[in-house]
Amino acid sequence: MLGWELPPHNSGGLGVACYQMCKELVAHGVSIEFIVPYVADHAIDFMQVTAATPQPASDVKESGIAYDSYLFTNEDGSEEYISIYDQHKLYTKGVEPIAKLGEFDVIHAHDWLTFRAGMRAKQLSGKPLIVHIHATEYDRAGGTSGNPLVEEIEYMAMMIADKIITVSEHTKRIVIEHYKIPEDKIEVAHNSIDISSYEPPCTENVYKCLTEFQKHGYRVVSNIGRLTLQKGLTNLLIAMKGVIERAPKTLLLIVGSGEQYEDLIELAAELGISSNVFFVDFQRGKALRDAYTVSDLFVMPSISEPFGIAPLEAIAFGTPILISKQSGVGEVVRNCLKVDFWDVDEMINQITAVVQNDVLRDELHAQSYAEYSRMSWTDSALKMKNLYEIAIGEPA
């Protein structure tokens, strides 16, 4: 299995999904060697984690797992900046000797970051390749054509792959319509969530300021994720201006980092709502969990979201959700609020309704939690295992 990240050295939901997915696959008899592009202690005992290159995790994280370059420290101590594309070459070079050994049955590659290595491993070993689409460049570009090199890598890998897994029907449609991939190559395996992998919230919430505001009748709306074009946060801030006009005791908590960080801060100021908006950067551990628990409503207004793990985390930690209709997670959670990402007026209406009605808030969460409590990775893991068996000519 070829992946770009695993917790705790992850930049977002991809690493979390891979970790939980692999844990369930192993529980159903699959043996996994997971190859990452860095050296780190993941404290994982259910599968073998192999470093393709000798660089430490901190250097990979420094790049933001995006398109920019990052500082690479060579074995002799010298330093140089290497682009994300050259990093792919290093990763592929590290995968090659493992692929030549051929001590595996199937190659399973996650997202464009590992697809070149996956294609090379298939070429060297002759083993079947399954590519797993957690997001496309079309999503990352906000529902339009993005970086042409990334799209070319995605297209080539999907054409060469023996099978394609998408995380939602939403993503499957994009793969068919935008990338022109034959439908019969694609299987949908929804993401899920394993709450046992999270420590439960405990002790005093770290967002003391917000909890004090709540004691005085304020309500907290949150968004947790990458601050990028794809996530539709500009529309959320515009909507919050309307919400605050109707319900002045409404606060917005934005947790995350990304290229839009400074732009969003400036937009909040231009809209005149800075005093109601809190930016707290990327968080892990208790600070991340407490962001969910302090919230009265979690909003994910993504322009195009292949799945979306954060809404499931929000439900798990006691918060109802409002998601865009352009989100894959809406295929598995039906008892939640939904709005088109572009419909700012309706977003205002729905957010205002929740922050002004605690009974509605609590009922929304109760209904979504009932759905969440029935979720597991089991069905998706069994579907993947069956695809492996079919790929090697041994269907269950």
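Contact, as I use it here, means heavy atoms within 4.5 Å. H170 lies in helix α7, residues 169-177; helices are DSSP runs of H or I with at least four residues, strands are runs of E with at least two, and both are numbered from the N terminus. H170 is buried, with a relative accessible area of 11%. Buried means under 20% relative accessible area, exposed means over 50%, and partly exposed is in between, with a 1.4 Å probe and protein chains only.

Before going on, the provenance. This is a predicted model, in which local features need pLDDT of at least 70 and side-chain atom pairs count only at pLDDT 80 or more, while totals for chains, interfaces and linings use all residues. Residues are numbered from 1 along each chain as its sequence is written, and side-chain values use heavy atoms, with hydrogens and water left out.

Next, salt bridges. A salt bridge here is a side-chain nitrogen of Lys or Arg within 4 Å of a carboxyl oxygen of Asp or Glu. By this rule the count is 17.

E305 pairs with K231, and their closest N and O atoms are 2.8 Å apart. K231 sits in the loop between β9 and α9 (233-246), E305 in the loop between β12 (297-300) and α12, and the two are 74 residues apart. Both K231 and E305 are buried.

Another pair is D162 with K122, at 2.8 Å from N to O. D162 counts as partly exposed, at 38% relative accessibility.

The remaining pair is D358 with R219, again 2.8 Å from N to O. Since D358 lies in helix α14 and R219 in strand β9, the pair ties together parts that are 139 residues apart in sequence. D358 is partly exposed at 28% relative accessibility, whereas R219 is buried at 16%. This pair belongs to a network of salt bridges that links R219, D296, D358, R361 and D362.

That brings us to α14 itself. Helix α14 covers residues 358-372, 15 residues, and reaches 21 Å from its first C-alpha to its last, close to the 21 Å expected at 1.5 Å a residue. The expected span is 1.5 Å times one less than the number of residues. Which residues of α14 are buried? They are R361, L364, H365, S368, E371 and Y372. Seen down the axis of α14, these buried residues fall within an arc of 120°, so they line one face of the helix. The arc is that of the directions from the helix axis to the C-beta atoms. As background, an α-helix has 3.6 residues a turn, so residues three or four places apart point the same way. What does the buried side of α14 pack against? Its buried residues pack against β9 (219-224), α12 (309-316), β14 (337-339) and α13 (344-355).

Of those partners, α13 has twelve residues and reaches 16 Å from its first C-alpha to its last, close to the 16 Å expected at 1.5 Å a residue. Buried in α13 are V344, M347, I348, Q350, I351, T352, V354 and V355.

Now helix α3, residues 84-101, which holds T92. T92 is buried, with a relative accessible area of 13%. Apart from neighbours within four places in sequence, T92 is in contact with R116, A117 and R120.

Last, some backbone points. The peptide bond from P7 to P8 is cis, with omega near 5°, and P8 is in the segment before α1 (13-27). K180 is not a glycine but has a positive phi of about 60°. K180 lies in the loop between α7 and β8 (186-188) and counts as exposed at 62% relative accessibility. D281, also not a glycine, has a positive phi of about 65°. D281 is in the loop between β11 (277-279) and α11 (285-293), and is partly exposed at 35% relative accessibility.
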